[in-house]
Amino acid sequence: MRNTRQRRQQILQLLVQHGNVQVADLVDRFEVSSVTIRADLTHIESQGLATRNHGGATLVRTPPTEQDIHEKDALNHPLKESIGTHAARLVKPGDNIIIDSGSTTMTLARHLRDHRDVTVMTNGLNIAWELANAPGVELLLTGGLLRKQSLSLHGSQAEASLNTYSFDTVFLGVDGLDLQFGLTTHHEAEASLNHRMVERARRIVVLTDASKFGRVSLHRIARLDQIHTIITDDGISGDYREGLQRLGIEVIIAEPPPP
């Protein structure tokens with residue numbers, strides 16, 4: 001799995017650099033079969049990033065560059081705080097929730113410190129740190145392998161830890177949200193864990209500032225028709241707001257912070 005993930009990321013990098021790739025060249029470069037390379041290109045095509053053609057593939061859109069958690073935390077911080085404030089209002093006493101790792105979801109955790117009788121499971125070390133001393137929050141960690149760039153836990157242990165639980169709500173952060181391709185992220189193992197989170201919760205809430213709309217990263221988390229609520233800012237375009245509402249998704253616009 002790890003070799004597959006790394007190879008697909010490298011193929012995508014070659015697509016971004018050159019605009020197109022050839023199966024024969026990739027077979028020689030990675031020393032795998034043409035069947036494996038074609039499967040890789042099909043996966044990249046399924047994310048809307050490339051189009052297959054005879055003998056290779058051509059780049060359709062450039063995925064956003066991944067930033068580490070510290071860089072993300074500094075971006076659009078006031079908007080993220082507002083989104084976190086609105087998300088915290090959805091959490092009631094007695095709720096059992098999952099909070100995905102991320103810089104926007106961390107603001108939700110910050111606004112849950114004074115909540116009472118709430119159980120939170122998370123795969124984010126940054127989320128756990130925010131809630132470690134919250135007296136009214138029972139905190140569970142998924143366990144798993146640590147991805148230092150995002151301070152997130154992932155892998156088979158993390159996924160297995162969800163199997164015996166049922167949650168009221170999962171709060172997800174994303175790297176991309178596209179009307180056609182759904183919710184996406186940079187890292188395959190994180191996408192797999194997020195997908196499992198979606199399966200274990202009755203309500204799916206996405207927290208994202210409007211800069212993520214129209215972006216597509218390599219790995220899909222979920223289709224949009226699986227989502228119940230999106231909390232974002234007033235930078236969302238009219239087309240995206242209408243498109244989401246046509247899918248039956250509740251769109252909550254977080255009030256901009258005062259000047």
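The following legends describe close-up views of a predicted model.

Residues are numbered from 1 along each chain as its sequence is written, and side-chain values use heavy atoms, with hydrogens and water left out. Because the model is predicted, local features need pLDDT of at least 70 and side-chain atom pairs count only at pLDDT 80 or more, whereas totals for chains, interfaces and linings use all residues.

**View 1. Strands β5 and β6 run parallel.** Two strands are taken as paired if DSSP finds at least two bridges between them. Within this pairing, M121 of the model stands opposite L140 in β6. Together with helix α7 (residues 125-131), β5 and β6 make a right-handed β-α-β unit. Right-handed means that, with the strands pointing away from the viewer, the path from the first strand over the helix to the second runs clockwise. Helices (H or I, at least four residues) and strands (E, at least two) are DSSP runs, numbered from the N terminus.

**View 2. E81 and R110 meet in a salt bridge.** A salt bridge is a side-chain nitrogen of Lys or Arg within 4 Å of a carboxyl oxygen of Asp or Glu. The N to O distance between the side chains of E81 and R110 is 2.2 Å. E81 lies in helix α5 (residues 77-88) and R110 in helix α6 (residues 103-110), so this contact ties together parts that are 29 residues apart in sequence. E81 is buried, with a relative accessible area of 18%, while R110 is partly exposed at 22%. Buried means under 20% relative accessible area, exposed over 50%, and partly exposed in between (1.4 Å probe, protein chains only).

**View 3. R110 also meets E130 in a salt bridge.** Here the N to O distance is 3.4 Å. Since E130 belongs to helix α7 and R110 to helix α6, the pair ties together parts 20 residues apart in sequence. E130 is buried, its relative accessible area being 11%. A network of salt bridges links E81, R110, R113 and E130.

**View 4. E159 forms a salt bridge with R196.** The closest N and O atoms of the two residues are 3.5 Å apart. This pair links distant parts of the chain, with E159 in helix α8 (residues 156-160) and R196 in helix α9 (residues 188-200), 37 residues apart. E159 counts as buried at 14% relative accessibility, and R196 as partly exposed at 23%. The structure holds 10 salt bridges.
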